[in-house]
Amino acid sequence: MSKDREFLWRRLHSLLGVVPVGLFLVFHLSLNFTAVGGEEAYNNATGMMDLVPHWLLLAMEWIIIYIPLMFHGFYGVYIAFTATYNTKRFGTFRNWMFTLQRFTGIFLVIFIAWHIFQTRVQKAFGTEVEFNMMVEIVDNPLMLAFYIVGIVSAAFHLANGLWGFLVSWGITQSKKSQQITTYITMLVFVILAIVGVAAIVSFV
């Protein structure tokens, strides 16, 4: 892969991680957060998707979610396995964030694939995706732990990826602006993690 082509692929990878994948994650976690209000609130919120014509919903899922997600995920795995890790030699905060970004990315490919299988694929076979379905999934303590780790990893990966996006796209160039966005993105991570974990434990 030439340097110019790799530069463009990495830019696209970064962009898709924020738009539309990142925006969809925020929407998805917000929708799941309605579970805090109980079974009826969650089912009413998720049931709104049934109002969208099936063909349109399917097209939106592939164009807005699955295709960008697969590119971001698979190319991200390539980046993770070809990256140079130097946390032992240079144990700075940013180097650790770089390493965690790659590790969470690899884990999320597995987690998201399993989550899609348990929900969207099952829906394609006629299973209704609703409150009790999620209750059955997280009834297993190991599966609950798996989901909690997955949610926290997704929140971190998006928040830290947003920091990287702002730097790689030249939006935050100075050291001070990068430091400020570090605080902001870490706050985003905490908020998303709390929202996501609060949602999943509501099914317990």
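**Helices, salt bridges and a nonpolar core**

R10 and E6 sit four residues apart in helix 1 (residues 3–18), so about one helical turn separates them; helices here are DSSP runs of H or I with at least four residues, numbered from the N terminus. The structure is a predicted model, in which local features need pLDDT of at least 70 and side-chain atom pairs count only at pLDDT 80 or more, while totals for chains, interfaces and linings use all residues. Residues are numbered from 1 along each chain as its sequence is written, and side-chain values use heavy atoms, with hydrogens and water left out.

The side chains of R10 and E6 form a salt bridge, at 3.2 Å from N to O. The term stands for a side-chain nitrogen of Lys or Arg within 4 Å of a carboxyl oxygen of Asp or Glu. A search of the whole structure finds three such bridges. In another, K123 pairs with D50, with the closest N and O atoms 3.8 Å apart. K123 belongs to helix 5 and D50 to the loop between helix 3 (39–47) and helix 4, so this pair ties together parts 73 residues apart in sequence. K123 is partly exposed at 33% relative accessible area, whereas D50 is exposed at 55%; buried means under 20%, exposed over 50%, and partly exposed in between, using a 1.4 Å probe and protein chains only. R120 and E61 also meet through their side chains, at 2.9 Å from N to O. Because R120 lies in helix 5 and E61 in helix 4, the pair links parts 59 residues apart in sequence. R120 counts as buried at 19%, and E61 is buried too, at 11%.

Turning to the whole fold, the protein has eight helices and zero strands. Buried residues make up 37% of its 204 residues. In soluble globular proteins, nonpolar side chains tend to be buried together. The largest nonpolar core here has 26 residues, among which M134, I137, Y147, I200 and F203 touch the most other members; such a core is a set of buried Ala, Val, Leu, Ile, Met, Phe, Trp, Tyr and Cys residues joined through side-chain atoms within 4.5 Å. Helices 2, 5, 6, 7 and 8 each supply at least two residues of this core, and helix 7 gives the largest share, nine residues. Leaving aside residues up to four places away in sequence, M134 touches Y42, T119, Y147, I200 and F203, where contact means heavy atoms within 4.5 Å.
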